[in-house]
Each structure stands twice: as C-alpha cells, then as structure tokens.
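Open the model in your viewer and keep the selection panel at hand.

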Amino acid sequence: MVNRIKQYLHTEWMGTTIVYEEEMDSTNLRAKLIADENVTNGTLVVAKRQTLGRGRLGRQWCSPEGNAYFSLMLNPDVHTEYVSRITLVAALALEKSLSKIADLPIRIKWPNDIVVSGRKLCGILTEAKVCSDGLEYVIVGVGINANQKEFDASIRDMATSLLNELGREVDIPQLIAEFLNEFEVCYNQFLQTQDLSLLLDDYNRSLVHYNQPVRVIGEDEMIGISKGISESGALLLQTEDGRLEYIIAGELSVRGLYGYV
Ligand code: BTN
C-alpha cells in the first residue's frame with residue numbers, strides 16, 4: 001500500500017511519512033495517538049479496514065475492506081476559530097481528485113459531504129487538539145466509498161460507492177495519493193489567507209445545490225436559495241423575503257427540498 005501510494009504521489013510535504021496497517025480501530029484515533037507523541041505536519045495514516053470507524057456527530061462510520069480510510073496530520077499556524085474551514089478545503093480537494101479519476105458528476109454538499117447521483121460518496125471528520133497557546137494539531141480523516149457493493153439497509157438510500165457508480169473497481173492507493181496531490185495545493189492557498197477567498201469560485205462551482213432551493217435544518221427550519229459560500233465558509237441563503245442569511249457549518253445542516261441532496 002505505502003509504495004503504491006508513493007508511486008502516484010507528487011506532493012512536496014504531505015504524505016512524506018505514511019503509517020499503514022491492514023486493520024486499525026480508527027485512522028483518526030491512531031493519528032491522534034501519534035500526534036500526541038510528536039506532531040509531524042503531513043503524516044498520513046492509512047488502514048485497509050477500521051473496527052471503530054468514526055463519523056461526524058458521534059456517528060459510526062462502517063468501514064469494511066474495499067474502501068479508502070485515511071487521516072492526515074496537520075500543524076497549521078491558524079486561529080482555532082478557523083479550523084472548520086480546513087474541512088471545506090478538504091472537500092474541495094476530494095471533489096477535484098475524484099473528478100480526475102472518475103468520469104462522474106461528483107459534487108460537494110455543503111459543508112463537507114461529497115455526493116454523486118444524490119447519494120453520499122465520502123465523508124470527512126476533522127478533529128483538533130487545542131491547548132492554552134492555541135492549536136496543537138488538526139487531524140483530517142477521510143472515508144471514500146470506493147469498492148463497496150452492498151450498504152446496510154439503514155443507509156442504502158443515501159450512500160453509494162465509486163464501484164456502484166462506475167461499474168468497475170477503483171485503485172485505492174491512487175485515490176489516496178491524488179487526494180493528497182490536490183489537498184496540498186488547496187491547503188497552501190488556504191494558509192495564505194486563512195479563509196476560502198482563493199478557493200471560493202472552485203468550491204461554489206462544485207456545489208450540488210448552488211442556486212437551488214434548500215432546507216436548512218436546525219432549531220428552526222429555513223427554506224431559501226443557496227447562493228454558495230462566503231470567504232469564511234458560511235453558506236449564503238437567500239430567504240423568501242430577499243434577505244441573505246449566513247449559515248454557519250456545524251450548527252445547521254442542509255437538505256434539498258425533496259431528499260438528502
Ligand atoms: C462523516 O460522518 O461524514 C465523516 C466520516 C469520516 C470517516 C473517516 S474514515 C477515516 C477516518 N477515521 C475515522 O474514524 N473516521 C474518518
């Protein structure tokens with residue numbers, strides 16, 4: 001796996017060190033253990049399968065063999081408030097890398113899901129350690145449904161894989177390397193400004209619900225037209241009375257009016 005990833009990798013610093021095992025509890029948990037000892041910017045942790053794959057909001061991420069599971073350790077000099085922006089940067093890099101490999105209409109569902117044909121293809125879980133001096137490290141964990149054929153009944157209508165969409169298997173080391181190749185470029189751009197101003201146009205072009213009606217789910221429900229993201233990564237929602245609301249990621253989630261996307 002490690003040599004196969006390196007074969008496709010042309011980054012300057014991301015993925016220079018790769019930690020690989022066939023089975024891990026969770027690549028995010030392992031990356032955190034490693035970072036607690038010694039934070040090395042750009043270290044990549046990869047597993048073939050996970051026994052305790054973790055998703056957002058405390059959910060489980062089912063992780064059978066055949067998909068891509070990896071976490072990247074980062075040590076950015078950014079304000080802790082801006083960490084969530086890194087997830088959007090990763091989403092854009094995923095969209096770019098997967099679109100290169102697979103001829104599919106791959107899109108971003110704000111803030112950080114990757115979808116195709118109305119179903120979720122990838123998930124990103126970003127976790128950070130903050131100390132009194134500020135940010136100690138950030139772990140960006142990515143799961144890509146690559147060669148999985150069957151999904152659990154509970155997610156069957158919402159999830160898909162590259163295999164199911166393309167009708168052929170994909171090469172996991174290549175998926176991981178191409179993601180890092182794109183992510184390094186996007187992340188370096190993010191670091192220049194600490195916001196999404198240099199990535200905004202690409203992100204909005206890839207947004208599945210750009211200029212579409214969406215329902216924002218939170219304490220109160222809001223319906224409006226998605227006008228893309230702001231430089232801070234907030235979703236701009238044009239409400240029926242013409243106001244522009246800034247929706248902050250993590251507080252609310254977005255659905256199309258008629259389904260998951
Ligand atoms: C989501 O809920 O959408 C995020 C899922 C993130 C899953 C990945 S798989 C690799 C890394 N390790 C984990 O335990 N989770 C992330």
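Helices (H or I, at least four residues) and strands (E, at least two) are DSSP runs here, numbered from the N terminus. This is a predicted model, in which local features need pLDDT of at least 70 and side-chain atom pairs count only at pLDDT 80 or more, while totals for chains, interfaces and linings use all residues. Residues are numbered from 1 along each chain as its sequence is written, and side-chain values use heavy atoms, with hydrogens and water left out.

**The loop between β2 and β3**

Select glutamine 60, which sits in the loop between β2 (44–50) and β3. Is glutamine 60 buried or exposed? Its relative accessibility is 68%, so glutamine 60 counts as exposed; the classes are buried under 20% relative accessible area, exposed over 50% and partly exposed in between, with a 1.4 Å probe and protein chains only.

Next, pick asparagine 67, in the loop between β2 and β3. Asparagine 67 counts as buried because its relative accessibility is 2%. Its side chain makes a polar contact with the side chain of tyrosine 69 at 3.1 Å. A polar contact is a pair of N or O atoms within 3.5 Å; within protein, one must be able to donate a hydrogen and the other to accept it, and residues adjacent in sequence count only if both atoms are side-chain atoms. A polar atom of the asparagine 67 side chain also lies 2.8 Å from the backbone nitrogen of alanine 146.

**The ligand**

- serine 26: an N or O atom of the side chain is 2.7 Å from a ligand oxygen;
- arginine 54: a polar backbone atom is 2.7 Å from a ligand nitrogen;
- arginine 56: a backbone N or O atom is 2.7 Å from a ligand oxygen.

The protein buries 98% of the 410 Å² that the ligand exposes when taken alone (Shrake-Rupley method, 1.4 Å probe; for residues, only the protein chains shown count as cover).

**The strands**

Strands pair if DSSP finds at least two bridges between them. β3 and β7 run antiparallel over seven bridges, with alanine 68 opposite isoleucine 144 in β7. β6 and β7 are also antiparallel, joined by 10 bridges, and they form a hairpin with two residues between them. At this pair, find cysteine 131 opposite glycine 134 in β7. In β7, 10 of the 11 residues are buried.

**The cysteines**

Last, select the cysteine sulfurs. With a disulfide defined as a pair of cysteine sulfur atoms within 2.5 Å, the count is zero. Cysteine 62 is in no disulfide, and its nearest cysteine sulfur, that of cysteine 122, is 15 Å away. Cysteine 62 counts as partly exposed because its relative accessibility is 47%. Cysteine 122 is in no disulfide either, the nearest cysteine sulfur being that of cysteine 186 at 14 Å. With a relative accessible area of 0%, cysteine 122 is buried.
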